[in-house]
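Subject: Structure handover

Hello,

Here is the structure you asked for. Please open it beside this email and follow along.

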Amino acid sequence: MEIGTSNGTERERGLEPVTARAVSGGQFRYYDFVMAAFVTILLLSNVIGAGKRAVIDLPWIGAWPFGAGILFFPVSYVIGDVLTEVYGYARARRCIWAGFGAMLFMVFMSAVVVALPPDKGWTGQAAYESVFGQVPRIVLASICAFWVGEFANSFVLAWMKIWTRGRMLWTRTIGSTIVGQAFDSLIFYPLAFYGAPDWPVEAMLMVMISQFLLKVSWEVLLTPLTYLVVGWLKRREGVDVYDEGTDFSPFRTRV
């Protein structure tokens, strides 16, 4: 595929299709803001939503329990899609590593602050431990699942963009999310809960499948928003990045 002649829609919109290498040293106006949004949503979904079980009353089904983090954690995949689609795999990789480092520091800071002896007059230690106390096994599972899932999501989207010649964005966002969330679920639930008390294999598999389906469905529902954000950013940045010749190794941080 020759960049610049593969997809007439970019030309019609005033965009310039380029390879990722051609803009490796370039500066983008909104990249830093998208990275900040990615890391913020990732951390908040793990701190605020991870520990709470919520319930919703569905028609014809009844009460359906779910982890509250599912409301916002999939948004990190949406932003990951935006990063790869607009800025290319290398810059998305940089954001994933930034999120990975931020999660490690969050875990370290939580452990230190929870372990500090409370003042005699302070009565909130139990509540603080309940909210910010981390189960090491679950933390390890969450970090591993995030790392593999996000890189799989970004790689698949970048590869599909070349394969589809930049057309049919919805196939890339949904297809990459299916792969990324599949890796995320297959890694997280067995690592976090296999063999744990009150987590028989049948229950673990049921939760794993239901959470996977809910996350992918959330991505599908957010597809119109993804289109709007991607279109807006591409117009503002003035380019459309294709990852031809990109080194897809996850163990790099250079763009």
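**Ground rules**

This is a predicted model, in which local features need pLDDT of at least 70, side-chain atom pairs count only at pLDDT 80 or more, and totals for chains, interfaces and linings use all residues. Residues are numbered from 1 along each chain as its sequence is written, and side-chain values use heavy atoms, with hydrogens and water left out.

**Confidence**

Start with pLDDT, the predictor's confidence in each residue, from 0 to 100. The protein averages 85. A score of at least 70 is reached by 90% of the residues.

Next, the elements. Helices (H or I, at least four residues) and strands (E, at least two) are DSSP runs, numbered from the N terminus. Helix α9 (residues 223-237) has the highest mean pLDDT among the elements, at 93. Helix α1 (residues 8-12) has the lowest, at 44. Over residues 4-12 the pLDDT is below 50. That stretch still has 17 contacts in the model beyond near neighbours in sequence. A contact means heavy atoms within 4.5 Å. Be careful here: where pLDDT is low, the predicted coordinates should not be read in detail.

**Salt bridges**

Side chains of opposite charge can pair when their charged atoms come close. The rule for a salt bridge is a side-chain nitrogen of Lys or Arg within 4 Å of a carboxyl oxygen of Asp or Glu. By this rule there are seven salt bridges.

Look at E85. Its salt bridge with R172 has the closest N and O atoms 2.8 Å apart. E85 is in helix α3 (residues 73-87) and R172 in helix α7 (residues 169-193), so this pair links distant parts of the chain, 87 residues apart.

E85 also forms a salt bridge with K234, where the closest N and O atoms are 2.7 Å apart. K234 sits in helix α9, 149 residues from E85.

Are these residues buried or exposed? Buried means under 20% relative accessible area, exposed means over 50%, and partly exposed is in between (1.4 Å probe, protein chains only). Both E85 and R172 are buried. E85 counts as buried because its relative accessibility is 0%. K234 is buried too, at 8%.

Now move to K161 and D240. Their side chains meet in a salt bridge (3.0 Å, N to O). K161 lies in helix α6 (residues 136-163) and D240 in strand β4, 79 residues apart. K161 is buried at 2%, and D240 is buried at 0%.

Which residues are linked in a network of salt bridges? They are E85, K161, R172, K234 and D240.

**Aromatic rings**

A pair of aromatic rings is described by the distance of the centres and the angle of the planes. Rings of Phe, Tyr and Trp (its six-membered ring) pair if their centres lie within 6.5 Å; planes under 30 degrees apart count as stacked, over 60 as edge-to-face and the rest as tilted.

The whole structure has 19 aromatic pairs. One of them is Y89 with F248. Their ring centres are 4.8 Å apart and their planes are at 65°, so the pair is edge-to-face. Y89 lies in helix α4 (residues 89-115) and F248 in the segment after β4 (239-242), so the pair ties together parts that are 159 residues apart in sequence. Y89 is buried at 1%, whereas F248 is partly exposed at 23%.

W122 and Y128 are also edge-to-face, because their planes are at 70°; their centres are 6.0 Å apart. W122 is partly exposed at 43%. Y128 is partly exposed at 27%.

One aromatic cluster is formed by Y89, W97, F100, W147, F151, F155, F248 and F251.

**Charges over rings**

A charge sits over a ring if NZ of Lys or CZ of Arg is within 6 Å of the ring centre and within 35 degrees of the ring normal. The charged end of R91 sits over the ring of Y31, 5.9 Å from its centre.

**Q181 and the cysteines**

Q181 lies in helix α7. It is buried, at 0% relative accessibility. Leaving out residues up to four places away in sequence, Q181 touches P74, Y77, F212, K215 and V216.

A disulfide is a pair of cysteine sulfur atoms within 2.5 Å. The structure holds zero disulfides. C95 is buried at 0%, whereas C144 is partly exposed at 30%.

Best wishes
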